[in-house]
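Dear colleague,

I am passing on the structure that we spoke about, and my notes follow below it. Please keep the model open while you read, so that each residue can be looked up as it comes.

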Amino acid sequence: MTKKSQNFKRLEQEQNKSQMRILMTIGVVILAVVALAVLQGLRGSAPKTLDLNGQPTMGSKDAKVTVIVFEDFKCPVCKYFDQTIVPEIEEKYIKTGKIQYGFRNFMVISPDGDSKTAAMAGECVYNQNKELFFPFSHLMYRAQGDESTAWATKQRILEVASYVSGPNGEKINNDELGKCIDDKRYEEEVMNDQSVGNNAGVNGTPTVFVNGVKVEGATTPGSLVKAIDEALAKAGQ
């Protein structure tokens with residue numbers, strides 16, 4: 001082999017190596033792009049929609065205005081909201097069919113403790129008898145203990161549940177409720193609510209959305225009424 005041929009062979013080998021390096025670099029880039037796409041897909045699959053599918057609701061499903069409230073049964077401000085703000089909203093907008101009002105869990109006081117127990121119990125009640133959820137939630141707030149204590153125990157929840165009565169005298173099956181709490185049957189639903197809240201920017205309770213828009217100062221008398229009235233006006237009602 002001539003020297004010229006040897007040089008050409010060496011050059012060819014170097015070019016092949018260079019091309020191999022380029023191909024490997026391209027391969028790494030492609031893998032990185034694919035990995036990023038998969039990661040974004042996984043993030044995209046996280047629950048983000050502020051809706052009331054499968055959630056406790058009051059009012060008309062055909063209403064053009066939807067109010068969604070994220071609450072923690074252990075939250076003292078939620079108790080205030082339930083006892084002072086909700087009755088007015090119920091009389092003016094829920095009973096008249098002007099809005100659909102819904103509840104979603106968001107645990108802030110003790111997310112790994114009895115806030116979660118109470119939230120799962122609420123899901124148990126809802127899935128046992130949808131008509132009994134709000135009577136149950138109202139009584140849970142009336143029975144609320146100090147937020148610094150673990151009061152929302154299974155025993156206390158069952159005690160509260162025994163006083164719940166539906167519009168036609170329906171009662172909660174406490175045996176079934178107890179089993180449901182023990183089995184953590186609806187833990188996934190509770191955590192889904194938490195994810196939806198996180199994605200929506202919820203960082204405290206109660207947090208209220210009217211037609212998907214967060215209402216600032218919703219616990220201030222008149223603030224939520226104003227937000228609902230403005231949403232109704234936009235909807236032509």
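A disulfide is taken here as a pair of cysteine sulfur atoms within 2.5 Å. The model is a predicted one, in which local features need pLDDT of at least 70 and side-chain atom pairs count only at pLDDT 80 or more, while totals for chains, interfaces and linings use all residues. Residues are numbered from 1 along each chain as its sequence is written, and side-chain values use heavy atoms, with hydrogens and water left out.

**Cysteines**

A search of the whole structure gives one disulfide, formed by Cys124 and Cys180 with their sulfur atoms 2.0 Å apart. The angle about the S-S bond is -85°, and the link of Cys124 and Cys180 is left-handed. Because Cys124 lies in helix H3 (residues 114–128) and Cys180 in helix H6 (residues 174–183), the pair ties together parts that are 56 residues apart in sequence; helices (H or I, at least four residues) and strands (E, at least two) are DSSP runs, numbered from the N terminus. Cys124 is buried, at a relative accessible area of 4%, and Cys180 is buried at 3%, where buried means under 20% relative accessible area, exposed over 50% and partly exposed in between, with a 1.4 Å probe and protein chains only.

Cys75, by contrast, is in no disulfide, and the nearest cysteine sulfur, that of Cys78, is 3.1 Å away. Cys75 counts as buried at 4% relative accessibility, and Cys78 as buried at 0%.

**Aromatic rings**

The structure holds nine aromatic pairs, where rings of Phe, Tyr and Trp (its six-membered ring) pair if their centres lie within 6.5 Å, and planes under 30 degrees apart count as stacked, over 60 as edge-to-face and the rest as tilted. One of them is the stacked pair of Phe73 and Phe103, at 5.5 Å centre to centre with 25° between the planes. This pair links distant parts of the chain, with Phe73 in the loop between strand E2 (65–71) and helix H2 (76–94) and Phe103 in strand E3 (residues 99–105), 30 residues apart. Phe73 also forms a tilted pair with Tyr141, at 5.4 Å centre to centre and 45° between the planes. Since Tyr141 lies in helix H4 (residues 133–142) and Phe73 in the loop between E2 and H2, that pair ties together parts that are 68 residues apart in sequence. Phe73 is buried at 1% relative accessibility, and Tyr141 is buried at 1%. Phe73, Phe103 and Tyr141 are among the members of one aromatic cluster, which also includes Tyr126.

**Pockets**

The largest pocket has a volume of about 410 Å³. A pocket is an open set of points on a 1 Å grid over the protein atoms alone, where a 1.4 Å probe fits, with protein on both sides within 12 Å along at least five of seven lines, and lining residues have an atom within 4 Å of a point. Grid points are joined across faces, edges and corners, and a volume is the space filled by probe spheres set on the points. The lining of the largest pocket comprises 19 residues, of which Thr57, Met58, Lys130, Glu131 and Phe134 lie nearest its centre. H4 gives the most to this lining, with five residues.

The second largest pocket has a volume of about 230 Å³, and H8 (223–234) gives the most to its lining, with six residues.

With best regards
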